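I set out to record what can be looked up in this structure, entry by entry. The entries follow below the display.

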Amino acid sequence: MRKALIGALTLSCLGTPPAVSQEGFVLQETPSAQCSIYLCETINGPSYAPDGSILRPIGWEKWVFIGSPLTPDELNGGKATFREFHSVYIEPSAFDHYRAFGEFPNGTQIVKARTLIYRPEDGDMCLDFNEDTGACLAVSGWGYFNGDYSGFELTVKDTTRFDDPGGWVYMNFGEERPWAPTAEPFDAAACNACHEANGGDDFVFTQFYPVLRDNDPKLKQGVKPATTHTEEKDASLRQLPPSPSPVPVDEEALFAYLQNREYQSFETQDAEGHPSAGPHLDYGDQVKVFFSDTVAQSLRGGYDAHPQGAALVKELYKADTDEPAGWAVAVKTEADSDNGEGWFWVEYMSTQDPTQKPVAAGNGVGLCTSCHQGGNDFVLSQLPD
């Protein structure tokens, strides 16, 4: 359980900030710290509603812009997990602290303002449009351009307030504007595992933000950031002997195998659903995991690498449904994991149409390996109690 939410952390170098009315709420604005070359004594942390939910920050547009990742559908088999622009900002006093000490302090706030990719139907700004790439021709050339806002998210770190991994919590204030004035953090399993496994430094994807990289004193001093990544394991270390996989990797045979629910004969399986630790259907949706005998034995024995033939099937559920809406499958086809290339991956978003999958099935699928590389030899799932 998260630690009790009491009090507020809205502190400023400028003294008591003015009250700001926001969609029926009265909250304290957290203005940018005006401390020049000097560090603030406090961090402008988030504000909290009486029920402990977190208030959407005001004035975030004036925060420090650190980057805008984009992973469009056209580069991800038509089903990108995050298909919009993600314009990311960090609260200035937290940025000043990071620039001075190379660490994110308690009270750090990072905003992700999502915007759709501009399409011709949104107006007449495209001089031409490429249906294959989704690119728009503007006066500056072919490219991707920002459309309307499509969501607002906030990340907060506070190890004294939250017992989620790393002290980080993540919340979404909605897709449609006006965005909600308050939000509750997601369940930790929905975001923390992926951020812990893949974030360049302290759960944050600093590797993709040049503003953070260029202002990290650890890098300037030649010191590697204290990453949360699990070190790559040598597959030649302790490992059970290979065995035939009970789960086929031929796609036609695999889909028939899944539809027949043959994996439900595995001795080791979740008795009930639990929130997904990754973007299967939607973050936080329920999943049930079925472990082949070899991978279950390997996990129980604490082996450094799982044997060739290890297999897992994950049933994917949408909210308020009793029947799976799809499956995610991982089968180790080689003795050496080889940065995920030794694993076969596929995810189906339908139990009836095998073409409904976010990426092409195969070994080393980037969308799968990037999240799973932080697990025990690419396995994030824990054995049921």
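Predicted model: local features only at pLDDT ≥ 70, side-chain atom pairs only at ≥ 80, totals over all residues.

**Entry 1: helix 5**

I began with helix 5, which spans residues 251-259, and asked which of its residues are buried. They are Leu254, Phe255, Tyr257 and Leu258. I then checked how these four are placed around the axis: they cover an arc of only 160 degrees, which puts them on the same side of helix 5. The general rule bears on this: an α-helix has 3.6 residues a turn, so residues three or four places apart point the same way.

Next I looked up what the buried residues of helix 5 pack against. Their partners are strand 16 (311-316), strand 17 (326-332) and strand 18 (343-348). I also noted the residue Arg261, which follows helix 5 and has a positive phi, near 55 degrees.

**Entry 2: aromatic pairs**

I searched the whole structure for aromatic pairs and found 14. I took up one of them, Phe152 with Phe173, whose geometry is edge-to-face. The ring centres are 5.8 Å apart, and the planes stand at 70 degrees to each other. Where do the two residues lie? Phe152 is in strand 10 (residues 146-157), and Phe173 is in the loop between strand 11 (168-172) and strand 12 (182-183), so the pair ties together parts that are 21 residues apart in sequence.

Phe152 counts as buried because its relative accessibility is 0%. Phe173, at 2%, counts as buried as well.

**Entry 3: arginines over rings**

I looked for arginine side chains placed over aromatic faces and record two cases. Arg161 lies over the face of Tyr48, at 4.2 Å from the ring centre.

**Entry 4: Pro217**

Finally I looked up Pro217, which is found in helix 4 (residues 217-220). Its relative accessibility is 10%, so Pro217 counts as buried. Which residues does Pro217 touch, apart from those up to four places away in sequence? I found Tyr98, Arg99, Ala100, Phe101 and Gly102. For Phe101 I noted the separation as well: Pro217 and Phe101 are 116 residues apart in sequence, yet 6.5 Å apart in space, C-alpha to C-alpha.

Methods:
Residues numbered from 1 in each chain as written. Heavy atoms only, no water. Buried < 20%, exposed > 50% of the residue type's maximum accessible area, 1.4 Å probe, protein only. Arc of directions from axis to C-beta. Contact = heavy atoms within 4.5 Å. Phe/Tyr/Trp six-rings, centres within 6.5 Å; stacked < 30°, edge-to-face > 60°. Lys NZ or Arg CZ within 6 Å of the ring centre and 35° of its normal.
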